[in-house]
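Hi,

Have a look at it first, then read on.

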Amino acid sequence: MAPLLMGQAKPKLVPDVSQRQVEIRYSFTGAELLLFGAIVYPDGRVPEGATDIAVVVRGPAQRIVVREKQKVAGIWMNVESERFRSAPAFYAVSSSRPLANLVDERTSAIYELGLQNLQLSPASGATSEQRRRFEEGLVDLRQRGQLFYENPRGVEISENVLYRARISIPARVPVGTYTAETFLIREGRVIAGAAREIRIEKLGFEKAVADFADDWSFAYGILSVLLSLGLGWAGSAAFRRS
(Lines give C-alpha, C1' and ligand atoms only; values in the text may rest on other atoms or scores of the structure.)
Protein backbone atom coordinates (compact mmCIF):
# COMPACT_ATOMS: atom_id res chain seq x y z
CA MET A 1 0.00 0.00 0.00
CA ALA A 2 1.15 3.53 -0.71
CA PRO A 3 1.25 6.49 1.69
CA LEU A 4 -1.14 9.36 1.16
CA LEU A 5 1.03 12.39 0.42
CA MET A 6 0.17 16.06 0.88
CA GLY A 7 -0.73 17.75 -2.38
CA GLN A 8 -1.69 14.61 -4.28
CA ALA A 9 -5.20 13.95 -5.54
CA LYS A 10 -7.59 13.18 -2.70
CA PRO A 11 -9.77 10.08 -2.50
CA LYS A 12 -13.50 10.26 -3.18
CA LEU A 13 -16.49 8.69 -1.55
CA VAL A 14 -19.17 6.84 -3.51
CA PRO A 15 -22.01 6.47 -0.97
CA ASP A 16 -25.48 4.99 -1.16
CA VAL A 17 -28.35 4.15 1.15
CA SER A 18 -30.64 1.12 1.19
CA GLN A 19 -33.82 3.27 1.15
CA ARG A 20 -34.12 6.69 -0.42
CA GLN A 21 -37.75 6.85 0.71
CA VAL A 22 -39.20 5.58 3.98
CA GLU A 23 -42.98 5.21 4.01
CA ILE A 24 -44.92 5.60 7.26
CA ARG A 25 -48.15 3.58 7.26
CA TYR A 26 -50.46 2.41 10.04
CA SER A 27 -48.22 -0.60 10.74
CA PHE A 28 -44.94 1.37 10.81
CA THR A 29 -42.79 0.37 13.79
CA GLY A 30 -39.53 1.92 12.65
CA ALA A 31 -36.94 1.18 9.99
CA GLU A 32 -33.28 0.36 9.65
CA LEU A 33 -31.23 2.15 7.02
CA LEU A 34 -28.08 0.62 5.60
CA LEU A 35 -25.53 3.23 4.55
CA PHE A 36 -22.79 1.76 2.42
CA GLY A 37 -20.30 2.68 -0.25
CA ALA A 38 -16.73 2.67 -1.44
CA ILE A 39 -13.64 4.82 -1.13
CA VAL A 40 -12.08 5.55 -4.52
CA TYR A 41 -8.35 6.28 -4.23
CA PRO A 42 -6.23 8.08 -6.84
CA ASP A 43 -4.70 5.52 -9.24
CA GLY A 44 -6.43 2.80 -7.24
CA ARG A 45 -3.68 2.73 -4.62
CA VAL A 46 -4.84 2.16 -1.06
CA PRO A 47 -2.73 4.25 1.35
CA GLU A 48 -1.04 2.88 4.42
CA GLY A 49 -2.40 3.50 7.89
CA ALA A 50 -5.87 3.58 9.35
CA THR A 51 -8.82 4.89 7.41
CA ASP A 52 -11.94 5.87 9.35
CA ILE A 53 -15.50 6.69 8.40
CA ALA A 54 -18.20 8.66 10.21
CA VAL A 55 -21.78 8.79 8.95
CA VAL A 56 -24.39 11.30 10.10
CA VAL A 57 -28.11 11.11 9.43
CA ARG A 58 -30.04 14.22 10.40
CA GLY A 59 -33.68 15.14 10.05
CA PRO A 60 -35.39 18.36 9.06
CA ALA A 61 -34.65 21.46 11.13
CA GLN A 62 -37.38 22.53 13.52
CA ARG A 63 -38.16 25.48 15.75
CA ILE A 64 -38.68 24.27 19.28
CA VAL A 65 -39.24 25.71 22.74
CA VAL A 66 -37.71 23.87 25.71
CA ARG A 67 -39.28 24.56 29.07
CA GLU A 68 -37.75 23.92 32.46
CA LYS A 69 -39.98 22.85 35.33
CA GLN A 70 -39.27 23.71 38.95
CA LYS A 71 -41.16 23.05 42.15
CA VAL A 72 -42.86 26.24 43.35
CA ALA A 73 -44.85 26.07 46.61
CA GLY A 74 -45.02 22.30 46.22
CA ILE A 75 -46.31 22.46 42.63
CA TRP A 76 -44.30 21.67 39.49
CA MET A 77 -44.50 24.65 37.13
CA ASN A 78 -42.84 25.85 33.92
CA VAL A 79 -40.47 28.53 35.18
CA GLU A 80 -37.93 29.17 32.41
CA SER A 81 -37.79 28.43 28.70
CA GLU A 82 -35.43 28.66 25.74
CA ARG A 83 -36.37 28.88 22.08
CA PHE A 84 -34.23 27.28 19.40
CA ARG A 85 -34.51 28.43 15.79
CA SER A 86 -33.02 25.37 14.09
CA ALA A 87 -32.76 22.05 15.93
CA PRO A 88 -32.66 18.80 13.94
CA ALA A 89 -35.71 16.62 14.48
CA PHE A 90 -33.48 13.55 14.24
CA TYR A 91 -29.72 13.13 14.58
CA ALA A 92 -27.68 9.93 14.52
CA VAL A 93 -23.93 9.58 14.13
CA SER A 94 -22.09 6.31 13.67
CA SER A 95 -18.32 5.93 13.31
CA SER A 96 -15.66 3.27 12.90
CA ARG A 97 -14.06 4.37 16.19
CA PRO A 98 -15.06 6.82 18.94
CA LEU A 99 -15.10 10.34 17.50
CA ALA A 100 -12.73 11.61 20.20
CA ASN A 101 -10.10 9.25 18.75
CA LEU A 102 -10.64 10.44 15.17
CA VAL A 103 -10.78 14.25 15.17
CA ASP A 104 -10.06 17.13 17.50
CA GLU A 105 -12.70 19.38 19.06
CA ARG A 106 -12.37 22.07 16.39
CA THR A 107 -12.95 19.62 13.53
CA SER A 108 -15.85 18.01 15.40
CA ALA A 109 -17.45 21.45 15.80
CA ILE A 110 -16.98 22.38 12.13
CA TYR A 111 -18.66 19.20 10.85
CA GLU A 112 -21.08 18.88 13.80
CA LEU A 113 -19.78 15.42 14.65
CA GLY A 114 -21.29 14.31 17.93
CA LEU A 115 -24.25 15.40 20.01
CA GLN A 116 -22.18 17.93 21.95
CA ASN A 117 -21.33 19.72 18.69
CA LEU A 118 -24.82 20.30 17.33
CA GLN A 119 -25.49 23.91 16.31
CA LEU A 120 -28.95 24.44 17.81
CA SER A 121 -29.26 28.21 17.19
CA PRO A 122 -30.76 29.54 20.44
CA ALA A 123 -32.98 32.55 19.81
CA SER A 124 -33.02 34.29 23.20
CA GLY A 125 -30.49 36.50 24.95
CA ALA A 126 -29.86 34.01 27.75
CA THR A 127 -26.42 33.63 29.29
CA SER A 128 -24.06 30.98 27.98
CA GLU A 129 -24.65 28.91 31.11
CA GLN A 130 -28.42 29.02 30.64
CA ARG A 131 -28.14 28.14 26.95
CA ARG A 132 -25.87 25.21 27.73
CA ARG A 133 -28.35 23.92 30.31
CA PHE A 134 -31.26 24.06 27.88
CA GLU A 135 -29.20 22.54 25.05
CA GLU A 136 -28.28 19.63 27.31
CA GLY A 137 -31.94 19.29 28.27
CA LEU A 138 -33.05 19.20 24.62
CA VAL A 139 -30.43 16.59 23.73
CA ASP A 140 -31.40 14.49 26.74
CA LEU A 141 -35.10 14.61 25.84
CA ARG A 142 -34.46 13.50 22.28
CA GLN A 143 -32.02 10.80 23.35
CA ARG A 144 -34.70 9.34 25.59
CA GLY A 145 -37.08 9.44 22.62
CA GLN A 146 -34.47 7.61 20.46
CA LEU A 147 -34.35 10.61 18.12
CA PHE A 148 -30.72 11.46 18.99
CA TYR A 149 -28.00 8.85 19.42
CA GLU A 150 -24.36 7.98 18.80
CA ASN A 151 -22.78 4.64 17.89
CA PRO A 152 -18.98 4.90 18.31
CA ARG A 153 -18.27 1.56 16.61
CA GLY A 154 -21.12 1.28 14.15
CA VAL A 155 -19.19 1.53 10.87
CA GLU A 156 -17.50 -1.51 9.39
CA ILE A 157 -14.67 -1.00 6.89
CA SER A 158 -13.28 -3.76 4.64
CA GLU A 159 -9.77 -3.49 3.25
CA ASN A 160 -9.86 0.32 3.70
CA VAL A 161 -12.15 0.44 0.66
CA LEU A 162 -15.71 -0.70 1.39
CA TYR A 163 -17.77 0.49 4.34
CA ARG A 164 -21.23 0.03 5.77
CA ALA A 165 -23.26 1.29 8.73
CA ARG A 166 -26.78 0.74 10.02
CA ILE A 167 -28.95 3.55 11.36
CA SER A 168 -32.19 2.82 13.23
CA ILE A 169 -35.18 5.05 12.50
CA PRO A 170 -37.73 5.02 15.37
CA ALA A 171 -41.47 4.82 14.84
CA ARG A 172 -41.98 8.38 16.17
CA VAL A 173 -39.67 9.97 13.61
CA PRO A 174 -41.12 13.11 11.97
CA VAL A 175 -41.69 13.31 8.22
CA GLY A 176 -39.51 15.42 5.96
CA THR A 177 -36.26 15.43 4.01
CA TYR A 178 -33.22 13.93 5.75
CA THR A 179 -29.56 13.98 4.78
CA ALA A 180 -27.13 11.09 5.12
CA GLU A 181 -23.58 12.47 5.22
CA THR A 182 -20.44 10.36 5.02
CA PHE A 183 -17.01 11.64 6.09
CA LEU A 184 -13.67 10.03 5.29
CA ILE A 185 -11.14 10.68 8.06
CA ARG A 186 -7.39 10.12 8.11
CA GLU A 187 -4.82 11.35 10.60
CA GLY A 188 -7.35 13.58 12.37
CA ARG A 189 -8.54 15.33 9.19
CA VAL A 190 -11.73 15.05 7.14
CA ILE A 191 -10.35 14.52 3.65
CA ALA A 192 -13.56 13.69 1.77
CA GLY A 193 -17.30 13.94 2.23
CA ALA A 194 -20.48 13.07 0.39
CA ALA A 195 -24.21 13.24 1.06
CA ARG A 196 -27.44 11.59 -0.02
CA GLU A 197 -31.03 12.64 0.61
CA ILE A 198 -33.65 10.46 2.27
CA ARG A 199 -37.35 11.24 2.23
CA ILE A 200 -39.60 10.10 5.08
CA GLU A 201 -43.30 10.57 4.41
CA LYS A 202 -46.72 9.35 5.45
CA LEU A 203 -48.88 7.43 3.02
CA GLY A 204 -52.40 6.06 3.00
CA PHE A 205 -54.75 6.86 5.87
CA GLU A 206 -51.97 8.49 7.94
CA LYS A 207 -51.22 10.93 5.10
CA ALA A 208 -54.90 11.78 4.69
CA VAL A 209 -55.25 12.55 8.41
CA ALA A 210 -52.03 14.61 8.44
CA ASP A 211 -53.09 16.59 5.36
CA PHE A 212 -56.52 17.24 6.85
CA ALA A 213 -54.94 18.45 10.11
CA ASP A 214 -52.64 20.82 8.20
CA ASP A 215 -55.19 22.17 5.72
CA TRP A 216 -58.23 22.30 8.02
CA SER A 217 -56.72 22.71 11.47
CA PHE A 218 -59.83 24.30 13.06
CA ALA A 219 -62.17 21.60 11.72
CA TYR A 220 -59.68 18.93 12.74
CA GLY A 221 -59.65 20.30 16.30
CA ILE A 222 -63.46 20.37 16.50
CA LEU A 223 -63.71 16.85 15.08
CA SER A 224 -61.13 15.58 17.56
CA VAL A 225 -63.07 17.06 20.49
CA LEU A 226 -66.38 15.59 19.22
CA LEU A 227 -64.76 12.21 18.69
CA SER A 228 -63.32 12.25 22.21
CA LEU A 229 -66.71 13.19 23.67
CA GLY A 230 -68.41 10.48 21.65
CA LEU A 231 -65.97 7.81 22.76
CA GLY A 232 -66.30 8.95 26.37
CA TRP A 233 -70.11 8.80 26.19
CA ALA A 234 -70.02 5.35 24.56
CA GLY A 235 -67.66 4.04 27.21
CA SER A 236 -69.84 5.45 30.00
CA ALA A 237 -72.99 3.91 28.46
CA ALA A 238 -71.32 0.52 28.13
CA PHE A 239 -70.15 0.68 31.76
CA ARG A 240 -73.71 1.51 32.97
CA ARG A 241 -75.20 -1.43 31.05
CA SER A 242 -72.67 -3.82 32.54
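A salt bridge, as I use the term here, is a side-chain nitrogen of Lys or Arg within 4 Å of a carboxyl oxygen of Asp or Glu. Before the details, two housekeeping points. This is a predicted model, so local features need pLDDT of at least 70 and side-chain atom pairs count only at pLDDT 80 or more, while totals for chains, interfaces and linings use all residues. Residues are numbered from 1 along each chain as its sequence is written, and side-chain values use heavy atoms, with hydrogens and water left out.

**Salt bridges**

Searching the whole structure turns up nine salt bridges. One of them joins the side chains of Arg97 and Asp52, at 2.7 Å from N to O. It links distant parts of the chain: Arg97 is in the loop between strand 7 and helix 1 (105-111), Asp52 is in strand 4 (residues 52-58), and 45 residues separate them. (Helices are DSSP runs of H or I with at least four residues, strands are runs of E with at least two, and both are numbered from the N terminus.) Are the two partners buried or exposed? Asp52 counts as buried, at 6% relative accessibility, whereas Arg97 is partly exposed at 31%. The cut-offs: buried is under 20% relative accessible area, exposed is over 50%, and partly exposed is in between (1.4 Å probe, protein chains only).

Glu112 and Arg58 make another salt bridge, with their closest N and O atoms 3.6 Å apart. This pair also links distant parts of the chain, with Glu112 in the loop between helix 1 and helix 2 (128-144) and Arg58 in strand 4, 54 residues apart. Both Glu112 and Arg58 are buried. Together with Glu181, they are linked in a network of salt bridges.

For a local example, go to helix 2: Arg144 and Asp140 both lie there, four residues apart, about one turn of the helix. Their closest N and O atoms are 3.1 Å apart in a salt bridge. Arg144 is exposed at 61% relative accessibility, and Asp140 is partly exposed at 35%.

**Aromatic pairs**

How many aromatic pairs does the structure hold? There are four. Rings of Phe, Tyr and Trp (its six-membered ring) pair if their centres lie within 6.5 Å; planes under 30 degrees apart are stacked, over 60 edge-to-face, and the rest tilted.

Phe90 and Tyr149 pair edge-to-face, 6.4 Å centre to centre with 75 degrees between the planes. Phe90 sits in the loop between strand 6 (75-88) and strand 7 (91-95), and Tyr149 in strand 8 (residues 148-151), so to speak across the chain: they are distant parts of it, 59 residues apart. Phe90 is buried, with a relative accessible area of 0%. Tyr91 and Phe148 are likewise an edge-to-face pair, at 6.3 Å and 75 degrees. Here the link runs between strand 7, which holds Tyr91, and strand 8, which holds Phe148, 57 residues apart. Both Tyr91 and Phe148 are buried. Ring pairs also link Phe90, Tyr149 and Tyr178 into a cluster.

**The core**

Phe90 comes up again in the largest nonpolar core, which has 52 residues; it is one of those that touch the most other members, along with Leu13, Leu35, Ile53, Ile167, Ile169 and Val173. Such a core is a set of buried Ala, Val, Leu, Ile, Met, Phe, Trp, Tyr and Cys residues joined through side-chain atoms within 4.5 Å. Strand 12 (residues 189-202) gives the most to this core, with six residues. Ile169 has Gly30, Ala31, Leu33, Phe90 and Ile200 in contact (heavy atoms within 4.5 Å), leaving out residues up to four places away in sequence.

Four strands form an open sheet in the order 1-3-10-9, with antiparallel pairing; two strands pair if DSSP finds at least two bridges between them. Strand 1 (12-17) and strand 9 (155-158) are at the edges with a single partner strand each, so one side of each has no neighbour in the sheet. Strand 3 (residues 31-40) and strand 10 (residues 162-169) pair over eight bridges, and Ala38 stands opposite Leu162 in strand 10.

Lys12, in strand 1, is exposed at 61% relative accessibility. Lys12 touches Ala38, Ile39 and Val40, again not counting residues up to four places away in sequence.

Cheers
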